Amino acid sequence: MRPLLLLFCYLKVATAFVSASRGGVAPSSTSLAGGYDATIGADPKTPIQFFVLPGNTCPYVQRTHITLHELGLPYDVTEVTGMPKPDWYLKINPRGKVPAIRVPTADYAVIYESAICNEFLCDYATFRQQKQTLMPMDPFMRARIRLLNDHCDNVFSKTQFTYLMNKDEVKDEEMCNEMEEALRMYEDALVESKGPYLLGEDFTIADLHLLPFIQRLTITLKHWKGYELPTDKFPKLVEWVQFCLERDSVKASAMTREKTIEVYSRFVEADYSFGGLNKNK
């Protein structure tokens with residue numbers, strides 16, 4: 001009786017099994033808003049449980065959302081609400097971050113951090129004897145992807161959010177130049193690969209790792225800084241953005257321009273740190 005009483009008191013559960021197909025079908029979501037274990041609201045036969053923030057607002061979640069759609073893996077979505085994160089979620093991911101995925105059929109194995117989740121999902125698809133090109137088997141290509149992704153996480157994204165959040169107009173030009181210098185790596189990669197994607201003809205983890213941040217850049221920096229990616233400096237990168245935005249997986253996982261501005265307005269007003277990416281702090 002006690003578990004049922006707690007469930008009644010603390011949870012609002014709406015769950016739906018999702019068979020995501022290649023090309024991306026928008027999933028239904030499971031919303032758990034209380035302090036009880038999420039397994040109560042999850043189908044134990046679901047191959048993958050995907051834990052997210054509500055409203056497609058997180059770029060890290062979007063990476064894994066795109067991966068799941070591209071691979072066509074069946075999954076179930078659970079929206080994690082509240083700050084701090086509820087106890088049931090901290091049992092799943094002690095860091096309290098999203099995304100995280102859990103595999104009920106593998107003794108509820110848990111994987112978190114978007115880059116690790118995405119590589120796991122590619123390996124999982126390959127293990128299921130499913131052909132996939134998001135993460136190539138070639139060790140040199142895999143290393144190239146990881147280097148590009150490391151540059152995004154440790155160089156580019158810091159310059160992006162530091163420029164966006166800067167309130168001293170005197171520093172804007174310097175910060176813009178630093179961001180463009182960080183973006184040069186991607187322009188060079190596209191020139192070298194001959195595109196349309198960062199490693200050539202195939203859309204890979206390198207593309208989906210970067211894209212959520214570039215999507216937000218094109219909207220937020222135009223809105224607050226009047227900045228657009230200059231086509232004379234980044235002709236290949238501008239083309240790459242358009243190629244990526246046409247993919248069904250990206251359309252299914254992205255915020256609208258209006259929603260992006262609404263969400264980032266709160267960040268700008270609060271001088272948000274973006275987990276340390278805003279170096280104005």
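## A pocket, a buried strand and salt bridges

In this predicted model, the second largest pocket is lined by Leu217, Thr218, Ile219, Lys222, Tyr227, Glu228, Leu229, Val238, Val241, Gln242, Leu245 and Arg257. The volume of this pocket is about 220 Å³. Two helices, H7 (205-225) and H8 (235-245), each contribute at least two residues to the lining. By residue class, the lining comprises 7 nonpolar, 2 polar and 3 charged residues.

A second topic is strand E3, which covers residues 76-80. In E3, 5 of the 5 residues are buried, so the strand is largely enclosed by the rest of the structure. The burial concerns both faces: Asp76, Thr78 and Val80 lie on one side, while Val77 and Glu79 lie on the other.

Strand E3 also has a pairing partner. Strand E2 (residues 49-52) runs parallel to E3, and 4 bridges join the two. One of the residues involved is Val52, whose bridge partner in E3 is Glu79. Glu79 is itself among the buried residues of E3. Together with helix H2 (residues 59-71), strands E2 and E3 form a right-handed β-α-β unit.

The model contains 11 salt bridges in total. Three of them are listed below.

| Salt bridge | N to O distance |
|---|---|
| Arg95 and Glu113 | 3.0 Å |
| Arg146 and Glu119 | 2.7 Å |
| Lys225 and Asp172 | 3.0 Å |

The pair of Arg95 and Glu113 forms a salt bridge and links distant parts of the chain, 18 residues apart. Arg95 lies in the loop between helix H3 (87-92) and strand E4 (100-103), and Glu113 in the loop between strand E5 (109-112) and helix H4 (114-127). Arg95 is exposed, at 53% relative accessible area, whereas Glu113 is partly exposed, at 28%.

Arg146 and Glu119 are joined by a salt bridge; this pair connects helix H5 (residues 139-165) with helix H4 across 27 residues. Arg146 is partly exposed, with 38% relative accessibility, but Glu119 is buried, with a relative accessible area of 18%.

The salt bridge between Lys225 and Asp172 links helix H7 with helix H6 (residues 172-193), and its two residues are 53 residues apart. Asp172 is buried, at 17% relative accessibility. Helix H7 is also one of the helices that line the second largest pocket.

Finally, salt bridges link Lys259, Glu262 and Arg266 in a network.

Note on methods:
Residues are numbered from 1 along each chain as its sequence is written. This is a predicted model: local features need pLDDT of at least 70, side-chain atom pairs count only at pLDDT 80 or more; totals for chains, interfaces and linings use all residues. Side-chain values use heavy atoms; hydrogens and water are left out. Buried means under 20% relative accessible area, exposed over 50%, partly exposed in between (1.4 Å probe, protein chains only). Two strands pair if DSSP finds at least two bridges between them. A crossover is right-handed if, with the strands pointing away from the viewer, the path from the first strand over the helix to the second runs clockwise. On a 1 Å grid over the protein atoms alone, a cavity is a set of points where a 1.4 Å probe fits but cannot get out, and a pocket is an open set with protein on both sides within 12 Å along at least five of seven lines; lining residues have an atom within 4 Å of a point. Grid points are joined across faces, edges and corners, and a volume is the space filled by probe spheres set on the points. Ala, Val, Leu, Ile, Met, Phe, Trp, Tyr, Cys and Pro count as nonpolar, Asp, Glu, Lys and Arg as charged, and the others, Gly among them, as polar. A salt bridge is a side-chain nitrogen of Lys or Arg within 4 Å of a carboxyl oxygen of Asp or Glu.
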